[in-house]
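Welcome! Please take a moment to look over the sequence and the 3D structure, and then we will walk through the fold together.

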Amino acid sequence: MNIIKPFSKSWKSFVQLIYPNLCFLCGDGLVKGESGICIGCDASLPKTLYWEYNNNPIYNSMHARCGIEHASAYLFFQKQNKVQKIMHRFKYHGDKILGMEMGRRFGLRLKEVDLLADVDVVMAIPLHISKQMQRGFNQSEILAEGIAQSLRKKTDFKALKRNIANSSQTTKNRIERWENVESIFSVNIPKSVSGKHILLIDDVFTTGATMEACIEAIQKANANKISIATLAVSD
């Protein structure tokens, strides 16, 4: 007789469909004020703490290449860890509520950063229109919305444009990633960027190729300062 064990993955998935107010990582009930992930699981997430100091690996890499103001990531991404589960549920299973919540949590940390106090607008790495129609949403925009809510800043998702529907970066090596994103972004509303401090959001930082290509387009539109933040960084 094949009996589902009370705490098996299949049982948790079934229960969460009926009772959505459960932590999707551990299956425990969420209390008032919790959303998506319980306090215990949130505490166990591998946070980078990069927002606490500007001399972090992402900043050092991107500042040398682009001259950015600040760079941060919220979590360390590793295969099979909790962060991968969060990313997959949000990005590939369309859990936009979870994405917004993670953005809000990250935004509360970024609110402590003095270098971001004068941010004028929060933007997101754009998807090509064909990719966005296929997926139904841009995961970076969802994160940016959550971050902007916590920072109490406005968003703009129309000023930046991805001109080419380039292939996925997931399976490419470092050189191929750079070649894949060369000159694919542009700013189609320059007044939204010119003279402003832009906080640019993406979901995961790996080589920084996509981020750098987008930063170059923003710099050509005469942005005053550019800072970047991603939900996760490859560990």
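Where is the place of Asn 222? Asn 222 sits in the loop between α9 and β7.

## Before we start

This is a predicted model, in which local features need pLDDT of at least 70 and side-chain atom pairs count only at pLDDT 80 or more, while totals for chains, interfaces and linings use all residues. Residues are numbered from 1 along each chain as its sequence is written, and side-chain values use heavy atoms, with hydrogens and water left out.

## The overall picture

The protein has nine helices and seven strands. These names stand for DSSP runs, numbered from the N terminus: helices are H or I runs of at least four residues, and strands are E runs of at least two. Of the 235 residues, 49% count as buried. Buried means under 20% relative accessible area, exposed means over 50%, and partly exposed lies in between, using a 1.4 Å probe and protein chains only.

Contacts tell us about the fold as well; a contact means heavy atoms within 4.5 Å. Among contacts between residues at least 6 apart in sequence, 72% join residues at least 24 apart.

## The sheet

Five strands form an open sheet with parallel pairing, in the order β1-β7-β6-β2-β3. β1 and β3 (154-155) stand at the edges with a single partner strand each, so one side of each has no neighbour in the sheet. Two strands pair if DSSP finds at least two bridges between them. β2 and β3 run parallel and are joined by two bridges, and Lys 154 in β3 is the bridge partner of Val 121.

Strand β6 (residues 197-205) is mostly covered, with eight of its nine residues buried. Four bridges connect β6 to the parallel strand β2 (residues 121-124), where Val 121 stands opposite Ile 198 of β6. Eight bridges connect β6 to strand β7 (residues 225-234), again running parallel, and Phe 205 stands opposite Val 233 in β7. From β6 the chain crosses through helix α9 (residues 209-220) to β7, making a right-handed β-α-β crossover. Right-handed means that, with the strands pointing away from the viewer, the path from the first strand over the helix to the second runs clockwise.

## Helices around the sheet

Let us look at helix α3 (residues 57-66), where Ile 58, Tyr 59, Met 62 and Cys 66 are buried. Seen down the axis of α3, these buried residues fall within an arc of 90 degrees, so they line one face of the helix; the arc is taken from the directions from the helix axis to the C-beta atoms. The buried residues of α3 pack against β1 (71-77), β6, α9 and β7.

After α3 comes Gly 67, with a positive phi near 70 degrees. Another helix, α5 (residues 96-110), lies across β1 and β7 and runs at about 130 degrees to β1. For such angles, axes are lines fitted to C-alpha atoms, for helices over the stretch in contact, and values run from 0 to 180 degrees between N-to-C directions.

## Two buried residues

Thr 230 is in strand β7 and is buried, with a relative accessible area of 2%. A polar atom of the Thr 230 side chain lies 2.9 Å from the backbone oxygen of Ala 232. Leaving out residues up to four places away in sequence, the contacts of Thr 230 include Ser 72, Phe 106, Asp 202 and Met 211.

Glu 141 belongs to helix α7 (residues 139-151) and counts as buried at 17% relative accessibility. Beyond its neighbours within four places in sequence, Glu 141 contacts Ala 124, Gln 132 and Phe 157.

Asn 222 counts as exposed, at 53% relative accessibility.

Gln 80 lies in the loop between β1 and α4 (82-91). Although not a glycine, Gln 80 has a positive phi of about 75 degrees. Gln 80 is exposed, with a relative accessible area of 67%.

Conventions: A polar contact is a pair of N or O atoms within 3.5 Å; within protein, one must be able to donate a hydrogen and the other to accept it, and residues adjacent in sequence count only if both atoms are side-chain atoms.
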